[in-house]
Amino acid sequence: MNMLATQEPRLRDFWYCLFPMHELSDAPRAFRLLGQDIVVWRDEDGRPHAVIDRCPHRSARLSGGTVEEGRIVCPYHGWAFRGDGRCVSVPQSVTNAGPQFGVKALHCTERYGQVWVCPGEPAFDLPHVPHFEKPGYRQIFEFSEDWACSAQRIIENEFDTAHFSFVHKGSFGDSDPAPARTDITETETGFVAELHFAVRNPEDMRDALQMHDDNTVRNVISRFIMPFYQIAEINYPNGLTNVLVTWLTPVDDGTTRFNQFVMRNDREEDVPASQVRAFDRRITSEDRQVLELTDPMVPLDTSEGVEIHMASDKPGLIMRRRMREFLHGGKKA
Ligand code: FES
Ligand code: CO
């Protein structure tokens, strides 16, 4: 069976978002990415760096060490490594320091106030969020947390309109289970989906959302970007644009780091960030509860009959095909 596993070598050739920069203190921080333990720290200029979390000397975890003068220092015998992985200090012997004593460094950068790592060689640039540069938009960090399910399941769910009236019946879900019409245009790195659908405004949240009617129509332009990213621009009739930016990072086969922030064209005085976060917390908790019940192994080859599909699964089936093509083919998916 052709299942998507995090050990798939080509998955290493994407950029992955780990967590917001503001979560990176002066200490090194461990992270598990695609089943591999890495460590992240920031140098004196505030730039993030990432290397394998294993000292080449006696295999201690570097994440248990310290950061000194921008270098990561092993807790065991004090070897110090630069951001490019090179060992620049062996306190016991000056002759030992040098490139041959290095640790493997990973591509690492900051974007959107977040730490990004590519453990292989990037096949694509980092995903582009156009609203990030647009005047009049504010950024609200929402979540960076681990869910016990696969990234592929979460990203498919983001484009699955058929679950609203079940999973979200207590919040925005309309009672009509017929899924919204979705128009899909494929792009080089994924697709753009356009949807129009009515949502219920949860009574206890109408003030927070500045939505005073029972229902609103959402016009959604939602981008899927490989491998597990979504930029969903939700346009409301009152002129509000709320952009959900979701980066899903596979920790391992059964765990995903759920990173989400919002870009909005209103002000803190209109709707405080805490209320935006509270609303999205409620929705994502509903999703999380059911997603953690799904099998983390996703059959990529949809012809094998492991799962039965319905019309609303089309976006997910396109994602699986694109992933298949990427894994087996070249750069162009
Ligand atoms: Fe890291 Fe010895 S184990 S310096
Ligand atoms: Co949902």
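Two strands are taken to pair if DSSP finds at least two bridges between them, strands (E, at least two residues) and helices (H or I, at least four) being DSSP runs numbered from the N terminus. The model is a predicted one, in which local features need pLDDT of at least 70 and side-chain atom pairs count only at pLDDT 80 or more, while totals for chains, interfaces and linings use all residues. Residues are numbered from 1 along each chain as its sequence is written, and chains are lettered from A and ligands numbered from 1 in the order in which they are written.

**Strand 18 and its partners**
- Strand 12 (residues 138-147) runs antiparallel to strand 18 and is joined to it by nine bridges, with aspartate 146 standing opposite arginine 257 of strand 18.
- Strand 17 (residues 241-252), also antiparallel to strand 18, is joined to it by 10 bridges, and the two form a hairpin with two residues between them.
- Threonine 256 in strand 18 is the bridge partner of proline 250.

**Burial**
- Of the 10 residues of strand 18 (residues 255-264), nine are buried, that is, have 20 or more other C-beta atoms, placed from the backbone, within 10 Å of their own.
- Helix 1 (residues 151-158) is largely enclosed by the rest of the structure, because seven of its eight residues are buried, among them Arg153 and Glu156.

**Domains**
- An automatic or database domain assignment gives domain 1 (1-116) and domain 2 (129-325), whose centres, taken over C-alpha atoms, are 31 Å apart.

Notes. Buried ≥ 20, exposed ≤ 12 C-beta atoms within 10 Å, placed from the backbone.
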